[in-house]
Amino acid sequence: MMVKGIQIQICGLVSQRWIQKPRTISSFSFSPIPHPNPYSKLLPTKTIVRRVRFAPFHASSTPLPSAGNVRNMKFCQWCGGSTKHDIPEGEEKLRAICTVCGKIAYQNPKMVVGCLVEHDNKVLLCKRNIQPSHGLWTLPAGYLEIGESAVDGAIRETREEANADVEVISPFAQLDIPLIGQIYLIFLAKLKKPHFSPGPESSACQLFPIDEIPFNSLSFSSMVVTLSLYVEDIKTGKLKFHYGTINKRPGTSPSDIRAYTLDHHMQS
């Protein structure tokens, strides 16, 4: 399914807390996957697989606004009892706590997955047939479903929105958008067969050369960032994996695609 409420989506509710455990942050590393893409002439002839560590950054201690309003949670999702709103012991954020069973409701970001599909030195885009951003162009992407992997979800979204069967090559970008509680994970992919057509939530599908991508008619800031990074990589002759935080200005609409800053940008 295509993203339908991208600016007003309230974070989903997940699990309750039974035992308080210390929070830890683990380091991670990323090993690039060799990428046989149609721009191979621009890339080095010898592929070197190496372990890459991102340079650390220092996060701000200033609290970020939440995409969900915890005070709108009036009843417990487990037993139906009324909730109170308080900061649990050992925590820092306001939570909805059931006055009957004592369970705590946590709000968590939604994950959006999609594909940046390359074919004949072009990129596949879909024109949205639903709100928000009706009539604007986007990569095929949507919310990850319970029970599927990120890759499976990206393939499904591409099939639903562009009637295209694709093979995922490698991850390309993870973009966090704290203000609206979303995390984008975009994969590079290629068409298994050169066939595609608009799905129910698309009015058109089209392959664009990189110098003809309609940047002024893209649907969301996440699409502007992803495609801008891709074009930069193509021009430099090396496709990378990117991580960044898109900080949207509060009160901006989904179609205000320039109302953002890209912070904490890291690349492999």
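Biologist: How do strand β3 and β4 pair?
Modeller: β3 (residues 95-98) and β4 pair in the antiparallel sense over 2 bridges. Two strands pair if DSSP finds at least two bridges between them; strands themselves are DSSP runs (E, at least two residues), helices are H or I runs of at least four, and both are numbered from the N terminus.

Biologist: What stands opposite I97?
Modeller: I97 stands opposite I104, which is in β4.

Biologist: Which order do the strands of that open sheet follow?
Modeller: The order is β2-β3-β4, an open sheet of 3 strands with antiparallel pairing. Its edge strands are β2 (83-86) and β4 (104-105), each of which pairs on one side only.

Biologist: Before I go on, what are the ground rules?
Modeller: This is a predicted model, so local features need pLDDT of at least 70 and side-chain atom pairs count only at pLDDT 80 or more, whereas totals for chains, interfaces and linings use all residues. Residues are numbered from 1 along each chain as its sequence is written, and side-chain values use heavy atoms, with hydrogens and water left out.

Biologist: Turning to β13, how many of its residues are buried?
Modeller: In β13 (residues 242-248), 6 of the 7 residues are buried; buried means under 20% relative accessible area, exposed over 50%, and partly exposed in between (1.4 Å probe, protein chains only).

Biologist: Which strands pair with β13?
Modeller: Strand β10 (residues 166-177) runs parallel to β13 and is joined to it by 4 bridges; L175 stands opposite G244 in β13. Strand β14 (residues 260-267) pairs with β13 in the antiparallel sense over 6 bridges, and D263 in β14 is the bridge partner of T245.

Biologist: Is Q182 buried or exposed?
Modeller: Q182 is buried, with a relative accessible area of 1%. It is found in strand β11 (residues 182-191).

Biologist: What does the side chain of Q182 make a polar contact with?
Modeller: The partner is the side chain of Y143, at 2.9 Å. A polar contact is a pair of N or O atoms within 3.5 Å; within protein, one must be able to donate a hydrogen and the other to accept it, and residues adjacent in sequence count only if both atoms are side-chain atoms.

Biologist: And where is P200 found?
Modeller: P200 is in the loop between β11 and β12 (202-209). P200 counts as exposed, at 71% relative accessibility.
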